[in-house]
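Hi everyone, thanks for coming. Please have a look at the model on the screen, and then I'll walk you through it.

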Amino acid sequence: MDISYKFVFIQPESAKKPQCQLGETSYPSGRLPVYPHHMGYYSLQAFLTTSCTLVNSHHLRHSPLPSSTFHNARVLNLKAVQQEENSRPLVTMSQVRIPHVLTVAGSDSGAGAGIQADLKACAARGVYCSTVITAVTAQNTVGVQGVSIVSEDFVGEQLRSVLSDMCPDVVKTGMLPSTGIVKILSQSLREFPVRALVVDPVMVSTSGDVLAGPSILDSFREELLPMADIVTPNLKEASALLGGVPLETVADMRSAAKSIHDIGPRNVLVKGGDLADSSDAVDVLFDGKDFYEFRSSRIKTRNTHGTGCTLASSIAAELARGSSLFFAVKTAKRYVETALDYSKDILIGNGRQGPFDHMTKLKNSVRKFNGHRPFDPNDLLLYAVTDSRMNKKWGRSITDAVKAALEGGATIVQLREKDANTRDFLEAAKACLEICRQHGVPLLINDRVDIALACDADGVHVGQSDMPARVVRILLGPDKIIGVSCKTPEQAHVAWIEGADYIGCGGVYPTNTKENNLTVGLDGLKNVCLASNLPVVAIGGIGISNVQPVMELGVPSLKGVAVVSSLFDKESVLRETQNLRRVLLAN
Ligand SMILES: Nc1ncnc2c1ncn2[C@@H]1O[C@H](COP(=O)(O)OP(=O)(O)OP(=O)(O)O)[C@@H](O)[C@H]1O
Ligand SMILES: Cc1ncc(CO)c(N)n1
Ligand SMILES: [Mg+2]
């Protein structure tokens with residue numbers, strides 16, 4: 001049946017006076033491509049939600065969105081638009097509409113999969129997520145101990161509540177445990193069309209427990225899949241949808257994707273998380289014309305519970321943000337891989353399959369919690385600063401130098417690698433960080449905030465011409481250590497105001513490590529220490545022979561000495577560090 005649509009053509013925001021015109025056309029099917037201008041889309045939608053509409057024009061060519069089903073779209077009332085046009089601009093940017101996914105799925109009490117995974121994945125991807133709950137499961141890392149299905153009427157009531165008011169961009173489905181629920185969902189979607197429908201045909205949990213029985217298959221095939229923009233079966237589900245064909249290879253996945261496409265969804269993604277003997281995690285996408293393989297490394301971890309739900313809701317989130325389907329799948333896949341890799345060592349529950357950390361935050365905060373204590377000014381006592389030239393001269397790797405300093409009793413380490421290229425520096429920093437963590441000693445990076453972020457070092461030390469401490473603090477967050485080199489009380493004051501944790505003051509004695517460096521002397525050091533609200537570490541030409549007068553200044557804020565050549569420009573870093581430590585502790 002041909003359906004006639006009225007179109008609204010909106011000029012781009014750059015036009016002086018946004019204008020609205022109406023046009024009329026007919027299309028041969030109920031599906032239409034929509035290519036809204038990216039920024040304009042949401043404000044337009046906000047305007048158009050009460051009257052629904054198709055928005056398209058050659059002006060709005062950027063950021064193509066996935067095609068959507070609009071066969072039940074209500075047509076904008078011509079008179080209303082004309083009145084609107086006379087009274088105010090149609091496109092206003094004063095209200096920001098944010099991308100929104102509605103998930104229709106089951107609750108997982110263990111919170112690794114289901115509704116909980118969807119909420120976390122959307123939050124991690126910066127998308128709002130509303131929830132219609134179809135079942136409540138009692139579930140943990142061992143398996144599913146119980147399922148309580150929500151009545152289809154009440155699922156319908158939840159759907160109406162959200163769809164009639166909140167206008168989600170994309171609907172994602174997970175556990176749909178009864179045919180009645182599938183029916184009410186497809187009815188609701190016909191009444192309240194959305195831009196895209198992502199169907200994850202959840203049937204069996206990885207633990208082998210049934211979440212939706214085979215009786216659901218017919219209603220999936222007849223009701224839901226034909227409406228879907230993408231369906232994302234795992235191997236077992238793909239096999240079940242096709243009447244039990246065995247799927248063992250990527251070639252099998254391709255032919256399954258093609259056969260499932262014949263059922264009606266526009267795109268099919270067969271997930272290969274469970275593909276035996278595969279060193280990669282391969283998913284196959286078929287769009288009705290071409291096949292695409294998405295590969296990521298297979299992360300060695302038990303924490304894969306909920307990867308399927310997470311992948312589907314991340315695809316939905318990316319679609320809601322306006323990505324093309326291909327890009328949405330690609331981004332979602334990369335997100336799952338990253339989150340799995342990040343969470344591979346976390347331990348929750350005693351069962352065979354654990355949840356992962358969608359926010360990729362837990363490990364760090366826990367590491368801190370498990371003894372990675374906050375900054376202690378006494379850590380400044382014996383502050384070892386590495387130097388690439390000295391390491392080269394003595395034929396040491398940076399990790400060997402750091403290891404020796406730690407074994408000798410350094411209480412904090414700073415990597416100062418002025419000549420190293422970024423990649424080598426990062427690798428060295430990661431290795432040093434591991435050794436420092438074993439010794440419970442903080443590792444700071446000189447200047448390079450990017451390196452510190454990339455390896456999750458404990459902090460950064462900056463000079464007066466580097467990035468301001470205030471900016472470093474914003475980038476590193478509240479928990480990291482920031483040190484600033486200061487020569488005057490004024491600079492020390494600014495460092496304090498800007499959120500530094502300590503200051504380095506020098507050069508105390510003349511030094512070869514830094515060219516054209518002004519020597520402030522013991523007096524200069526004392527002045528800064530007296531004025532400083534922050535703990536101070538003295539630096540510049542200090543070694544075992546001249547450390548005594550520094551420590552004898554006796555100012556409470558002076559906590560220790562930072563040393564370069566006197567540790568690293570020596571035959572034995574270990575011995576020099578031990579000796580210096582002995583002297584410092586005697587004070
Ligand atoms: N160990 C792994 N390393 C990397 N990616 C993985 C791993 N396991 C699964 N994936 C990926 O996670 C996504 C989900 O696939 P999977 O086949 O595990 O879905 P599923 O069985 O529906 O998951 P679940 O039912 O546990 O939520 C796919 O993109 C898959 O390739
Ligand atoms: C509620 C729920 N939905 C989906 C899955 C599939 O991972 C699960 N285990 N539990
Ligand atoms: Mg699954």
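**A walk through the model**

Let's begin at Leu 580, which is buried, with a relative accessible area of 2%. Buried here means under 20% relative accessible area, exposed means over 50%, and partly exposed is in between, with a 1.4 Å probe and protein chains only. Before I go on, a word on where this comes from: it is a predicted model, in which local features need pLDDT of at least 70 and side-chain atom pairs count only at pLDDT 80 or more, while totals for chains, interfaces and linings use all residues. Residues are numbered from 1 along each chain as its sequence is written, chains are lettered from A and ligands numbered from 1 in the order in which they are written, and side-chain values use heavy atoms, with hydrogens and water left out.

Back to Leu 580, then. You will find it in helix H21 (residues 573–586); helices (H or I, at least four residues) and strands (E, at least two) are DSSP runs, numbered from the N terminus. Which residues does Leu 580 touch, leaving aside its neighbours within four places in sequence? They are Leu 382, Gly 543, Ile 544, Val 547, Val 563 and Leu 567, where contact means heavy atoms within 4.5 Å. Leu 382 is 198 residues away from Leu 580 along the chain, and yet their C-alpha atoms are separated by 8.0 Å.

Now let's zoom out. The protein has 21 helices and 22 strands, and buried residues make up 53% of its 587 residues. Of the contacts with a separation of 6 or more, 67% come from residues 24 or more positions apart.

Next, the cores. A nonpolar core is a set of buried Ala, Val, Leu, Ile, Met, Phe, Trp, Tyr and Cys residues joined through side-chain atoms within 4.5 Å. The largest one has 76 residues, and Leu 415, Leu 525 and Val 550 have the most contacts inside it. Helix H14 (residues 422–439) gives the most to this core, with seven residues. Apart from it lies another core, of 44 residues, including Leu 176 and Phe 192. As for Val 550, its contacts beyond four places in sequence include Tyr 509, Leu 525, Ile 542 and Val 561.

How many residues surround it? There are 20, and the closest are Asn 234, Asp 283, Ile 299, Gly 308 and Lys 333; a residue counts as near if one of its heavy atoms lies within 4 Å. Asn 234 has an N or O atom in its side chain 2.9 Å from an oxygen atom of the ligand. That is a polar contact, meaning a pair of N or O atoms within 3.5 Å; within protein, one must be able to donate a hydrogen and the other to accept it, and residues adjacent in sequence count only if both atoms are side-chain atoms.

Now a few backbone details. Most residues other than glycine have a negative phi, and most peptide bonds are trans. Here, a cis peptide bond joins Gly 506 and Gly 507, with omega about -10°. Gly 507 lies in the loop between E20 and helix H18 (521–531).

What about phi in Cys 167? It is near 45°, a positive value in a residue other than glycine. Cys 167 is in the loop between helix H4 (152–166) and strand E9 (170–173), and is partly exposed, with a relative accessible area of 22%. Asp 456 also has a positive phi, near 60°. Its place is in the loop between helix H15 (449–455) and strand E18 (459–462), and at 16% relative accessibility Asp 456 counts as buried.
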